[in-house]
Amino acid sequence: SEFKKKIKEANMHQEVMQKAERELSRLAKMSSYNPESSYIRTYLEWLVDLPWKITDKKNADVDFAAKVLDQDHYGLPKVKERILEYLAVHKLVGKIRGPILCFYGPPGVGKTSIGKSIARALDRKFIRVSLGVIHDEAEIRGHRRTYVGAMPGRVIQGIKNAGTKNPVFMLDEIDKIGTDFRGDPSSALLEALDPEQNNAFSDHYLEVAYDLSDVMFITTANILDTIPPALRDRLEIINFPGYTEEEKFHIAKNFLIGKQLESHGLAKIKIDLSDAALREIISKYTREAGVRELEREIAAILRKVAKKIASNKGYKNIKIGPRQLKIYLGPHKFSKTIAEKQDEIGMSTGLSVTSSGGEILFVEVTIMPGKGNLILTGQLGNVMKESAQAALSYIKSRATVISLSNIDFSKVDVHIHVPEGAVPKEGPSAGIAITTALVSALTKI
């Protein structure tokens with residue numbers, strides 16, 4: 001009788017209600033010693049606990065949202081603008097077939113934390129599921145009820161925990177989702193994310209359709225190459241670039257220092273980390289696209305300060321300038337520029353993209369007497385090796401234009417080296433840097 005009452009109050013759709021009543025009548029006819037009765041009871045509990053029609057009030061106040069995003073994050077104008085556009089359309093239409101935003105960028109630039117801010121701006125519940133360790137399709141779509149210990153997938157679990165039908169649902173690290181013999185979770189995600197299909201998402205455990213079209217899905221990724229094309233096609237990709245030094249300075253000043261003072265128990269003690277010291281930490285102790293390492297360096301300073309204060313209660317106010325940094329953090333870790341001090345023959349500077357932002361790399365070329373061989377070193381991938389071969393062919397075909405007609409290529413060996421030989425390098429973009437270094441080495445300019 002308790003279940004009967006709950007089923008009536010759960011506000012289910014007609015077909016779900018019929019299914020629940022059928023299962024309830026089976027439970028009623030069963031002996032309480034029957035092992036299946038506990039499975040049916042658990043199943044009914046899931047059905048009555050899910051929010052079938054409960055929604056958070058749709059707060060689409062664009063001005064309030066803009067204020068919240070500016071309070072929580074510095075910079076990121078394009079990202080904020082896209083979110084405010086979504087809200088504006090939401091306000092005018094009432095129900096918008098949720099776009100699936102994908103925040104793409106290096107680690108530490110605030111992809112996950114802006115998800116929390118969006119939920120706060122919309123005044124909705126926030127759920128986060130990390131997809132980094134998921135290999136099994138059942139993690140997304142649930143196990144069938146025939147298995148012992150079966151339960152719904154992460155999506156339905158998240159909705160139940162939120163207790164509302166329209167939360168902000170963040171799927172973190174969508175680029176690290178695995179595929180193996182247990183099935184392909186990314187194809188199960190397709191049904192959950194695709195606005196054309198997700199109004200009737202079928203979970204293996206529930207065996208009834210659940211409407212996910214009110215959920216605002218947000219995904220995050222460090223690299224796009226590993227996201228399956230069919231899934232990527234449904235995502236609206238918003239690029240989070242790295243921060244400039246000026247932006248990092250403001251982020252540290254407005255957000256990071258206060259947060260770290262709080263977590264180190266130093267909020268009531270006057271600690272003055274000067275602007276000059278902060279800029280020096282950014283330029284000479286960190287090199288990253290985000291601000292995680294910067295936060296760690298600030299924490300390292302404050303730990304040492306906390307140790308001083310804990311062992312000697314006499315400290316009232318502590319000033320930290322550029323001179324004190326060497327005591328707290330040791331010698332500089334990075335020099336400001338690593339471009340060569342003077343122009344060199346046979347050497348060019350290139351840029352490389354990494355999952356954590358980017359690096360500067362050099363291409364060095366040496367010409368020596370030989371038999372027309374091309375030697376490539378520095379752990380280059382196949383595409384980069386082909387770039388080097390294409391560069392040499394290009395130069396040979398344009399020899400008269402570049403005033404190299406006096407060189408007999410069959411009697412010289414060309415050695416191309418990209419320093420940091422232990423680091424594998426791959427990609428199509430170094431071609432022009434290799435060509436430039438080759439021409440420089442051959443023309444002695």
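Me: What makes D175 count as buried?
Reply: In this predicted model, D175 has a relative accessible area of 6%, and since buried means under 20%, D175 is buried.

Me: Why is K176, which forms a salt bridge with D175, called partly exposed or buried?
Reply: K176 has 39% relative accessibility, a value that lies between the limits of 20% for buried and 50% for exposed, and K176 therefore counts as partly exposed.

Me: What makes the contact of K176 with D175 a salt bridge?
Reply: The closest N and O atoms of K176 and D175 are 3.3 Å apart, and the criterion asks for a side-chain nitrogen of Lys or Arg within 4 Å of a carboxyl oxygen of Asp or Glu, so the pair qualifies as a salt bridge. Side chains of opposite charge can pair when their charged atoms come close.

Me: What does the salt bridge of E191 with R141 tie together, and what makes E191 and R141 count as buried?
Reply: The closest N and O atoms of E191 and R141 are 3.1 Å apart; E191 lies in helix α9 (residues 185-193) and R141 in helix α7, so the pair ties together parts that are 50 residues apart in sequence. With the limit for buried set at under 20%, E191 is buried at a relative accessible area of 13%, and R141 counts as buried at 12%.

Me: Why is strand β3 (residues 168-172) described as largely enclosed?
Reply: Five of the five residues of β3 are buried, so the strand is largely enclosed by the rest of the structure. Both faces are covered, with V168, M170 and D172 buried on one side and F169 and L171 buried on the other. In a regular strand the side chains alternate between the two faces of the sheet.

Me: How do you know that β3 pairs with strand β2 (residues 126-130)?
Reply: Pairing requires at least two bridges, and β2 and β3 are joined in the parallel sense over five bridges, with V168 as the bridge partner of F126. Four bridges also join β3 to strand β6 (residues 216-221), again running parallel, and L171 stands opposite T219 in β6.

Me: What makes the buried residues of helix α8 (residues 154-162) line one face?
Reply: The buried residues are V155, I156, G158, I159 and A162, and seen down the axis of α8 they fall within an arc of 160 degrees, so they line one face of the helix. An α-helix has 3.6 residues a turn, so residues three or four places apart point the same way.

Me: What makes V89 count as partly exposed?
Reply: V89, which lies in helix α5 (residues 77-93), has 40% relative accessibility and therefore counts as partly exposed. Together with L92 and V93, V89 forms a nonpolar patch on the surface, with about 320 Å² of accessible area.

Notes. Residues numbered from 1 in each chain as written. Predicted model: local features only at pLDDT ≥ 70, side-chain atom pairs only at ≥ 80, totals over all residues. Heavy atoms only, no water. Patch = residues over 30% accessible without salt bridge, like charges linked within 9 Å, V, L, I, M, F, W, Y side chains within 5 Å. Areas by Shrake-Rupley, 256 points an atom, 1.4 Å probe, with all protein chains shown as cover. Helix = DSSP H or I, 4+ residues; strand = E, 2+ residues; numbered from the N terminus. Buried < 20%, exposed > 50% of the residue type's maximum accessible area, 1.4 Å probe, protein only. Arc of directions from axis to C-beta.
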